[in-house]
Amino acid sequence: MTGGIDIRAARAGDEALVLSFVRELAEYERLAHEVVATEEAVSTALFGPNPRVFCDLAHSRGEPAGFALWIYNFSTFLAKPGIYLEDLFVRPQFRGRGIGKALLANLARRAIAEDCGRLEWWVLDWNTPSIEFYKSLGATPMDEWTVFRVTGDALTKLAKT
């Protein structure tokens with residue numbers, strides 16, 4: 001624990017907490033209407049026989065304060081794995097205490113220890129406070145890339161071709 005901040009990997013029994021962070025993040029991002037996740041689905045993803053995602057929880061003086069949910073990806077150019085941060089969220093009452101930075105530093109240490117080539121994430125273009133925070137840590141925006149996504153009926157249609 002550093003400065004009253006404790007970070008640990010999520011474990012079975014944390015599903016409700018993880019889902020509450022997901023819902024709070026969705027509210028902040030104005031995307032609450034898109035959350036269909038359940039505690040059971042979170043449990044399977046994080047703690048099932050073949051986990052697809054990982055989660056670190058931050059507590060401040062024993063209170064749940066934030067989370068980082070992430071996966072491994074791979075860079076063919078580097079021929080190394082990387083860490084992709086899907087979600088980072090700190091509850092408003094805990095912001096400004098170094099919790100977001102501690103969660104990112106924890107992932108950076110993991111990336112270095114596991115010889116990963118990079119740590120990366122997306123941020124909504126309107127989220128100026130987060131963008132400025134990330135830049136202050138040395139992160140650089142990848143403006144030359146455009147994100148594409150296929151979901152729902154389009155995903156089904158593509159799979160049938």
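These legends describe close-up views of one predicted model.

Residues are numbered from 1 along each chain as its sequence is written, and side-chain values use heavy atoms, with hydrogens and water left out. In this predicted model, local features need pLDDT of at least 70 and side-chain atom pairs count only at pLDDT 80 or more, while totals for chains, interfaces and linings use all residues.

**View 1. Phe-21 and Phe-67 form a stacked aromatic pair.**
A search of the whole structure finds 9 aromatic pairs. Rings of Phe, Tyr and Trp (its six-membered ring) pair if their centres lie within 6.5 Å; planes under 30 degrees apart count as stacked, over 60 as edge-to-face and the rest as tilted. Phe-21 lies in helix α1 (residues 15-28) and Phe-67 in strand β3 (residues 63-75), so the pair ties together parts that are 46 residues apart in sequence. Helices (H or I, at least four residues) and strands (E, at least two) are DSSP runs, numbered from the N terminus. Both Phe-21 and Phe-67 are buried. Buried means under 20% relative accessible area, exposed over 50%, and partly exposed in between (1.4 Å probe, protein chains only). Ring pairs also link Phe-21, Phe-67 and Phe-89 into a cluster.

**View 2. Tyr-28 sits under the charged end of Arg-95.**
Tyr-28 is in helix α1. Its relative accessible area is 29%, so Tyr-28 is partly exposed. The charged end of Arg-95 is 5.1 Å from the centre of the Tyr-28 ring. A charge sits over a ring if NZ of Lys or CZ of Arg is within 6 Å of the ring centre and within 35 degrees of the ring normal. Beyond four places in sequence, Tyr-28 is in contact with Phe-89, Arg-95, Trp-126, Asn-127 and Ser-130. Contact means heavy atoms within 4.5 Å. The C-alpha atoms of Tyr-28 and Phe-89 are 9.3 Å apart, although 61 residues separate them along the chain. Trp-126 has a charge over its ring too: the charged end of Arg-30, 4.0 Å from the ring centre.

**View 3. Asp-56 is buried yet has no salt bridge.**
Asp-56 is found in strand β2 (residues 54-60). The nearest side chain of opposite charge is Arg-110, 4.7 Å away. Lys and Arg count as positive and Asp and Glu as negative; His and the chain ends are not counted. A salt bridge is a side-chain nitrogen of Lys or Arg within 4 Å of a carboxyl oxygen of Asp or Glu. The Asp-56 side chain makes polar contacts with the side chains of Trp-70 (3.2 Å) and Asn-106 (3.3 Å). A polar contact is a pair of N or O atoms within 3.5 Å; within protein, one must be able to donate a hydrogen and the other to accept it, and residues adjacent in sequence count only if both atoms are side-chain atoms.

**View 4. Asp-87 is also buried without a salt bridge.**
Asp-87 is found in strand β4 (residues 80-90). Its nearest side chain of opposite charge, Arg-149, is 9.2 Å away. Leaving out residues up to four places away in sequence, Asp-87 touches Leu-25, Phe-67, Ala-68 and Leu-69.

**View 5. Arg-61 has a positive phi.**
Most residues other than glycine have a negative phi. Phi of Arg-61 is near 50 degrees. Arg-61 lies in the loop between β2 and β3. Its relative accessible area is 66%, so Arg-61 is exposed.
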